Amino acid sequence: MNKRTILSLGATFLSLFAVNSHADYALNLKAPATEIAGQIYGLHMLILWVCVAIFVVVFSLMFYSILKHRKSVGHKAAQFHENHWLEVIWTIIPVIILVCMAYPATKTILAMKDTSAEDMSIKITGSQWKWAYDYLDQDVKFISTLSTPQDQIENKAEKGENYLLEVDNPMVVPVGKKVKLLITSQDVNHAWWIPEFGVKQDAIPGFVKEVWIRVEQPGVYRGQCAELCGKAHGYMPIVVEAKPEAEYQTWVAAQKDAAAAADAGADKEWVMDELVTAGKAVYEKNCAVCHGATGAGIPPAFPAMTGSTVANGPVEGHIDILLNGKNIMPAWKDVLNDTDIAAVIAYERNALGNSTGDFAQPSAVKAAR
């Protein structure tokens with residue numbers, strides 16, 4: 001390696017160091033927003049300082065011994081085979097330390113698992129690659145998907161402040177209420193994780209796991225799926241908004257009004273152009289991640305919509321596969337309303353390179369459920 005190469009590598013290293021030295025970063029856990037997260041943070045700090053104290057004591061004794069008992073000052077090593085008292089002491093002290101750490105840790109774990117006396121319950125279902133929220137006490141349900149613009153993901157536009165941590169429909173909870181979360185999955189393993197809540201729970205198909213939160217302060221809290229769940233794992237954020245009780249009730253009323261309007265749309269007679277226009281938004285939000293924005297798909301796992309036998313076959317079969325799913329294709333009957341399903345069917349059959357000229361009314365989807 002010549003001198004020029006060495007100087008070039010050195011300059012590159014210094015420039016990287018200079019850039020990184022100004023980066024905004026934190027060295028600790030995020031500020032807790034729930035009681036459990038506060039206990040976890042306190043436990044974390046307690047054990048940290050216990051480890052620091054052990055480090056100081058052990059290394060102080062080690063360096064003292066090295067300096068004061070070195071051969072150069074004339075010290076001669078002691079010769080002994082066993083010292084029962086010393087062995088007892090260095091066994092008892094670690095046991096006491098571990099018991100002192102185990103008590104608060106066990107207390108915190110038991111508190112994390114105590115989902116009784118909840119004020120409300122929300123069922124959370126993970127699927128590739130979105131979250132479904134079902135408010136069991138309020139008859140409110142919706143899908144939450146990534147809302148970061150595609151141009152930012154493809155580096156065609158400047159990335160926003162909450163890049164890949166923003167959604168179209170955040171989960172909303174009332175401040176100060178104990179909320180039981182029932183977490184499961186529709187397809188593969190996911191994990192619902194928000195650092196400020198102290199919650200990281202795997203979502204496993206066929207199982208329902210329980211955790212709980214009680215958010216202390218209004219605000220917006222962000223997290224991500226923490227399980228490797230497929231090609232779009234990094235595009236599955238979680239956003240929770242904590243609102244005062246009055247604002248939360250206003251939000252619930254708005255959600256119910258929107259659901260009622262969607263139900264009313266199922267009995268309306270639509271023209272094809274209306275459904276195709278509405279279906280484009282539904283497709284881009286829910287289907288494009290697998291079948292592609294242009295309908296080209298990602299063979300062999302995710303088939304193309306362009307020229308698809310489903311999109312170009314009998315409309316009844318198209319309705320059935322949207323409602324009930326097939327193979328890795330999820331069922332959408334508990335996720336999308338009748339109008340949305342009819343709209344995306346119309347879009348898939350009359351766009352993306354297909355032009356069957358037919359479509360299904362939302363009433364037909366409603367009848368097929």
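**Close-up 1. The salt bridge between R349 and D358.** R349 counts as buried, with a relative accessibility of 1%, where buried means under 20% relative accessible area, exposed means over 50% and partly exposed lies in between, as computed with a 1.4 Å probe on protein chains only. Its partner in a salt bridge is D358, and the closest N and O atoms of the two are 2.9 Å apart; a salt bridge is here a side-chain nitrogen of Lys or Arg within 4 Å of a carboxyl oxygen of Asp or Glu. D358, at 28% relative accessibility, counts as partly exposed. This is a predicted model, in which local features need pLDDT of at least 70 and side-chain atom pairs count only at pLDDT 80 or more, while totals for chains, interfaces and linings use all residues. Residues are numbered from 1 along each chain as its sequence is written, and side-chain values use heavy atoms, with hydrogens and water left out.

**Close-up 2. The salt bridge between D338 and R369.** The side chains of D338 and R369 meet in a salt bridge, with 2.4 Å from N to O. This pair links distant parts of the chain, since D338 lies in helix α9 (residues 338-350) and R369 in the segment after α10 (362-368), 31 residues apart; helices (H or I, at least four residues) and strands (E, at least two) are DSSP runs, numbered from the N terminus. D338 is buried at 11% relative accessibility, whereas R369 is partly exposed at 45%.

**Close-up 3. The salt bridge between R214 and E35.** In this pair the closest N and O atoms of R214 and E35 are 3.2 Å apart. R214 sits in the loop between β8 (209-213) and β9 (219-225), and E35 belongs to helix α2, so that the pair joins parts of the chain 179 residues apart. R214, with a relative accessible area of 23%, is partly exposed, and E35 is partly exposed at 36%.

**Close-up 4. F197 in the largest nonpolar core.** Among the 37 residues of the largest nonpolar core, F197 is one of those that touch the most other members, together with residues including W192 and Y133; such a core is a set of buried Ala, Val, Leu, Ile, Met, Phe, Trp, Tyr and Cys residues joined through side-chain atoms within 4.5 Å. Leaving aside residues up to four places away in sequence, F197 touches A33, T34, I36, A37, W192, I213, V215, Y221 and V240, where contact means heavy atoms within 4.5 Å. A second, separate core of 27 residues includes V276, Y283, L323 and V344.
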